[in-house]
Amino acid sequence: MSAIHCHQLCKTFRQGDEIITGLDHVDITIEGGEFVCLSGPSGSGKTTLLNAIGGLDTPDSGEIRMGDLRIDQLERGALADMRLHHIGFVFQAYNLIPVLSARENVEFVMQVQGVAAAERARKARAILAEVGLEGLEDRRPAQLSGGQQQRVAVARAIVSQPDLVLADEPTANLDSVAAAHLMGLFASLNENHGITFVIATHDKRVMAYARRLVKMQDGKIISDEAQ
Amino acid sequence: MAAHKLHFSVLLTLSWRNLWRNHRRTGIMLGAIAVGVWAMIFMTALMRGMVDDMLSQGIRNLPGHIQIQHPDFLDDPSVANSIAVPGAEFEALLQRLESKRWTTRIRVPAVIASERETRGINLIGIEPAAEDDVSGLPALLSEGRFFESPLDGGVIIGAKLAERLETRLGKRVVVMSQDPDNNIRERGFRIVGIYRARLPGLEEFNVYAARDTLQRLLRIEGRVSQIIVVGEDYREIEPLYRQLRQQAPPDLQVRAWYEIDTYLAAMFNMMDGFVLVWVIIIFLALSFGLVNTLVMAIFERVREIGLIQALGMRPALILYQILMESTLLLLIGLGLGNGLALATIIPLQDGLDISVVAEGMAMMGASSMLYPKLTASDLLLANSVVILLGVLTSILPAWRAAKLDPVRALNST
């Protein structure tokens, strides 16, 4: 994956009459194959940084580059294409499309990408087996546990071999066993497939898996250490 | 192309399944669309049937779809403006016509007198053998008999006129009119038949006699007032009309029913506009429900829309997906509405008895049996309006969904 460079990123939000700083002149570079955890208390800017890197949110100022691509300057359609082809997302909750089965959820991104049906089905079954959901392919999200739903979301995020997986509090709704299972899965995918992970969390169990820990506070990076 | 097919497939799957997420809401909306479409088609068929009846009655009373006459006859329908009975060549042309339904008539102003009363009338000389095809007069007889030959010596009068003249079947009346030299001609006739018109107003004025008898009375042997031609359908007389205009002798005037009676023509032309307005009014009522349903459906899944945006679905595809959902809803509703309309119209093909309001219908020139008339163009219009305007109405909520900010959408509760 091309490295991601964030330079002097700033983002503020208005909440009523109050201006809240989301990102305050953030500089960070993430190289391909890294396993990075963004940690910090609520409101420290982790999710804002994640959203900016993923092109879900546009910074007020500063630059975000993925190789030669200026993510912060792309229009909505191009941002959607960039996410479709380069980035996998795992959110804290509400990760799946409720009207689609586990397999269809996993196939969804490939379908929008234009991957042929047979190949989609093959890849989806393989990845669901890899995340331990063999036999549950045809279940709808409502028929799966929280941990199983997160694994479907992970399967969907990685099935099309994205350059980068952005995960926002992926273990927040999971018990410790499911959380450990999920993080083990992330670590194995990072090691075996070379997928770059950037995970926003304030869960110490998750941070234990990180090889680079970036601490944030009040929209600023206050420490950035290899582990 | 392959990618477009895949997009279509994923959009269709999402749309179809989203449609059935809230069965009750979708069911209510489908019911509303079906009832709306039924109302569009069923009421249009009733109106079309009523207006068609009014037009048919009106044209029957003209009578005929096309009239050929002296150029001055419409301004001065006197015996002086008569024309020769068609010669062999023109008769051959009339015989070649597709419908082959034509006749000649004498039509002059006259006065009829009974023992007690005198009234002004339209005296109409008809060819008995051909009249049934043109005006259906024999079927309207309520008493007595129809003419037995062109030289029959009786008259047929309307029931209302008989009442006014205080006379009845079998009594004698005297009919007076002018010959071409303005001499008064009169003759006694026996009332051989009394008719009841579908439009009671006509009963008072139209008095029928046999054509040849009238020719003798008015001294116009070999001449008539009009040649009446009837086509297969009053709506499709243009080819026949053109053919007659081209081939009729130049000293005769050929006029179509819509030129003779501009009121009927206006009614005919107005009907299409009226149907369109009616269909649009019903659609407007429907559109509120449709937009509300879509807005609610979108409101309930704002986070999901944020999610599919995050996964890389372009805003345009989200717009298409919502529009497809709306289109599916409309198509199912249309199917149900059309089925319901057909199921209610087909059993009424033998007519709907509305004799309780017969007097009002008669004032409008329509009979007391209403025959719903379902036309392909009305079906097409109702379906097209619902689908086209329905999709147009859905664009705004769909566009708003496509423009949702992904972060806000994902964080919405």
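Author: We'll take the chain contact, then a helix pair, then some strands. This is a predicted model, where local features need pLDDT of at least 70, side-chain atom pairs count only at pLDDT 80 or more, and totals for chains, interfaces and linings use all residues. Residues are numbered from 1 along each chain as its sequence is written, while chains are lettered from A and ligands numbered from 1 in the order in which they are written.

Reader: How many residues of chain A are in contact with chain B?

Author: Contact here means C-beta atoms, placed from the backbone, within 7 Å. By that rule, 19 residues of chain A meet 24 residues of chain B. On the chain A side, α2 (76-86) and α3 (102-113) each supply at least two residues; helices (H or I, at least four residues) and strands (E, at least two) are DSSP runs, numbered from the N terminus. The largest share, six residues, comes from α2(A).

Reader: And how do I read a pair of packed helices?

Author: Two packed helices are described by the angle between their axes and the distance between the axes. Axes are lines fitted to C-alpha atoms, for helices over the stretch in contact, and angles run from 0 to 180 degrees between N-to-C directions. In chain B, α2 (residues 23-61) packs against α15 (residues 376-402) at about 150°, with the axes 10 Å apart. That makes α2(B) roughly antiparallel to α15(B), a label for angles over 145 degrees.

Reader: Which residues of α2(B) and α15(B) make the contact?

Author: From α2(B) come Val37(B), Met40(B), Ile41(B), Thr44(B) and Arg48(B), and from α15(B) come Asp378(B), Leu379(B), Ala382(B) and Val386(B).

Reader: Now strands. What is the order of the open sheet in chain A?

Author: Strands pair if DSSP finds at least two bridges between them. The chain A sheet has four strands in the order β2-β1-β4-β5, with antiparallel pairing. Its edges are β2 (18-30) and β5 (69-70), each pairing on one side only. Nine bridges link β1 (residues 4-15) with β2(A), and Leu9(A) stands opposite Val26(A) of β2(A).

Reader: Which strands does β3(B) pair with?

Author: Among its partners is β4 (residues 118-126) of chain B, antiparallel to β3(B) over nine bridges; a hairpin of four residues joins β3(B) to β4(B). Ile106(B) has Gly125(B) as its bridge partner in β4(B).

Note on methods. Contact = placed C-beta atoms within 7 Å. Parallel < 35°, antiparallel > 145°, perpendicular 65-115°, else oblique.
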